[in-house]
Amino acid sequence: MLNIAAFILALAIVGVVFEMLRRKKLREKYAALWLFVGIGTLVLAAFPRLLTIVTEFSGVQLPSNLLFIISILLLLGVCLHLSWEISVVEDETRTLAEEVAILRALIEALPAAENAEGNPTKSPGSQ
Amino acid sequence: MKTDTSARVLVIMPAWNEAESVGNTVREVLSVGMPYDVLVVNDGSKDGTAALAAAAGATVLNLPFNLGVGGAMRAGFKYAQRRGYSRVIQVDADGQHDPRNIEEVLSGLEYADISIGARFADRGDYEVKGPRKWAMQFLARVISGLAKTRLTDVTSGFRAANERAINQYLDHYPAEYLGDTIDSLVVAVRSGCKVTQIPVAMRPRQGGTPSHDPVKAAIYLGRSVFALLFALTRKRSLLQTSDKTSQEPATC
């Protein structure tokens with residue numbers, strides 16, 4: 001019974017990720033990890049024996065412990081990945097902010113120079 | 001009206017909510033009578049900093065939100081490079097730096113790429129105490145060792161740069177805390193920029209109050225060591241040197 005619930009949950013995760021991808025609400029690079037997690041859960045729910053076999057093979061005492069350690073590592077990976085992504089985005093935002101400020105200053109300088117010289121075709125000195 | 005900017009000096013003034021002092025500081029710089037253009041980088045101020053600076057005769061770069069001194073300075077350097085300025089100098093908007101010293105600090109660029117207006121070098125009565133002082137001394141010693149010259153005030157915001165240094169800064173000028181002073185300086189030195197210092201006297205601020213909280217000072221010490229360690233492990237910038245020294249492998 002519990003297995004069926006786990007299977008349905010895993011199926012729902014995969015379904016949601018797939019749907020979000022299809023609607024372009026999620027980009028592939030983030031989706032890959034979630035699809036991997038979802039499919040892994042799906043496999044484990046379908047064949048619960050698999051977890052017991054791997055547990056015995058790797059010397060872990062309880063199957064649930066193995067499940068927990070894998071989940072924690074995966075979540076840690078996701079967090080780290082998101083921190084990295086947000087740093088990249090912040091850096092890009094910063095560059096854009098600088099660019100916008102410089103362009104605005106140059107544009108605001110344009111009419112002033114034109115009025116002062118009465119010569120609209122000539123642009124200020126440098127490139 | 002616009003003359004060749006390469007002969008002029010761009011005075012970059014990062015300002016965040018400095019309405020009290022920015023107008024006076026800009027007017028003072030412009031009244032020195034040297035070929036200075038003042039660029040106030042308005043770092044997302046909520047007060048009238050931008051309008052007051054513009055009214056005083058400065059060009060204003062309006063950053064849409066607060067980026068910190070590092071971000072503001074990088075925007076300034078970018079502007080300087082686009083407009084073709086060959087020398088820039090950073091001056092605080094709070095009036096701590098005496099505009100009459102600008103020419104002295106700039107004179108350091110004749111034999112170095114970065115010239116720092118230093119507060120502790122025998123001139124003036126600027127003093128700090130406790131952990132903040134130890135932090136500054138420690139940083140000064142480490143960076144002096146790297147730069148192979150005696151530097152006493154590496155966190156000074158009174159710094160001039162030539163074209164080589166501007167290009168290096170644009171490659172690496174972090175927006176992190178202390179990135180604008182320690183980090184950028186260490187990477188510049190390791191990339192081959194020459195650094196020198198010119199002793200200057202500091203004046204009391206025209207607006208705002210300096211902090212003397214020991215807890216803040218201790219945090220400052222911790223963060224500066226952190227910043228230094230990172231800076232020491234960063235990779236060097238590889239940039240093309242312009243006209244004069246094209247033979248040597250182009251670093252800095």
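Predicted model: local features only at pLDDT ≥ 70, side-chain atom pairs only at ≥ 80, totals over all residues.
**Figure 1. Chain A is built from four helices and zero strands.**
Read from the N terminus, the elements of chain A follow the order α-α-α-α. Chain A has 127 residues, and 7% of them count as buried. Contacts in chain A between residues at least 6 apart in sequence include 44% that join residues at least 24 apart.

**Figure 2. Helices H1 and H2 of chain A cross at roughly 160°.**
Helix H1(A) covers residues 2–22 and helix H2(A) covers residues 28–46. Their axes come within 8 Å of each other. Two packed helices are described by the angle between their axes and the distance between the axes. An angle over 145 degrees counts as roughly antiparallel, and H1(A) and H2(A) are therefore roughly antiparallel to each other. The crossing of H1(A) past H2(A) is left-handed. On the side of H1(A), the contact involves Asn3(A), Ala6(A), Phe7(A), Ala10(A), Leu11(A), Ile13(A), Val14(A), Val17(A) and Leu21(A). On the side of H2(A), the residues in contact include Trp34(A), Leu35(A), Ile39(A) and Leu42(A). Sorted by class, the contact of H1(A) with H2(A) holds 15 nonpolar, three polar and one charged residues.

**Figure 3. Helix H3 of chain A is hardly covered.**
H3(A) spans residues 49–58. How many of its ten residues are buried? The count is zero. Just after H3(A) comes Gly59(A), which has a positive phi of about 85°.

**Figure 4. Chain B contains eight helices and seven strands.**
Chain B has 252 residues, of which 50% count as buried. For contacts in chain B between residues at least 6 apart in sequence, 76% join residues at least 24 apart.

**Figure 5. Seven strands of chain B form an open sheet with mixed pairing.**
The order of the strands across the sheet is E3-E2-E1-E4-E6-E5-E7. Which strands of chain B stand at the edges? They are E3 (59–63) and E7, and each has a single partner strand, so one side of each is left without a neighbour in the sheet. From one strand to the next, the twist averages 20°. Strands of a sheet pair through backbone hydrogen bonds, either parallel or antiparallel.

**Figure 6. Strand E7 of chain B is largely enclosed by the rest of the structure.**
E7(B) consists of residues 195–199. Why is E7(B) described as largely enclosed? Four of its five residues are buried, so the rest of the structure largely encloses this strand. E7(B) pairs with strand E5(B), residues 114–118, in the parallel sense over five bridges. Pro199(B) in E7(B) stands opposite Ala118(B).

**Figure 7. Asn17(B) and Lys148(B) have positive phi values although neither is a glycine.**
Asn17(B) is in the loop between E1 and H1 of chain B. Its phi is about 50°. Asn17(B) has 18 C-beta neighbours inside 10 Å and so counts as partly exposed. Lys148(B) belongs to the loop between helix H5 (130–147) and strand E6 (159–162) of chain B. The phi of Lys148(B) is near 55°. With 9 C-beta neighbours inside 10 Å, Lys148(B) counts as exposed, because a residue with 12 or fewer falls in that class.

**Figure 8. Pro204(B) lies in the loop between E7 and helix H8 of chain B.**
Helix H8(B), at one end of this loop, covers residues 214–233. Is Pro204(B) buried or exposed? Pro204(B) is exposed, since 10 other C-beta atoms lie within 10 Å. Pro204(B) and Ala51(B) are 153 residues apart along the chain. The C-alpha atoms of Pro204(B) and Ala51(B) are separated by 24 Å.

How values were computed: Residues numbered from 1 in each chain as written. Chains lettered and ligands numbered in written order. Helix = DSSP H or I, 4+ residues; strand = E, 2+ residues; numbered from the N terminus. Buried ≥ 20, exposed ≤ 12 C-beta atoms within 10 Å, placed from the backbone. Contact = placed C-beta atoms within 7 Å. Pairing = 2+ DSSP bridges. Axes fitted to C-alpha atoms, helices over the stretch in contact; angles between N-to-C directions. Parallel < 35°, antiparallel > 145°, perpendicular 65-115°, else oblique. Left-handed = near helix turned anticlockwise from the far one by under 90°. Nonpolar A, V, L, I, M, F, W, Y, C, P; charged D, E, K, R; others polar.
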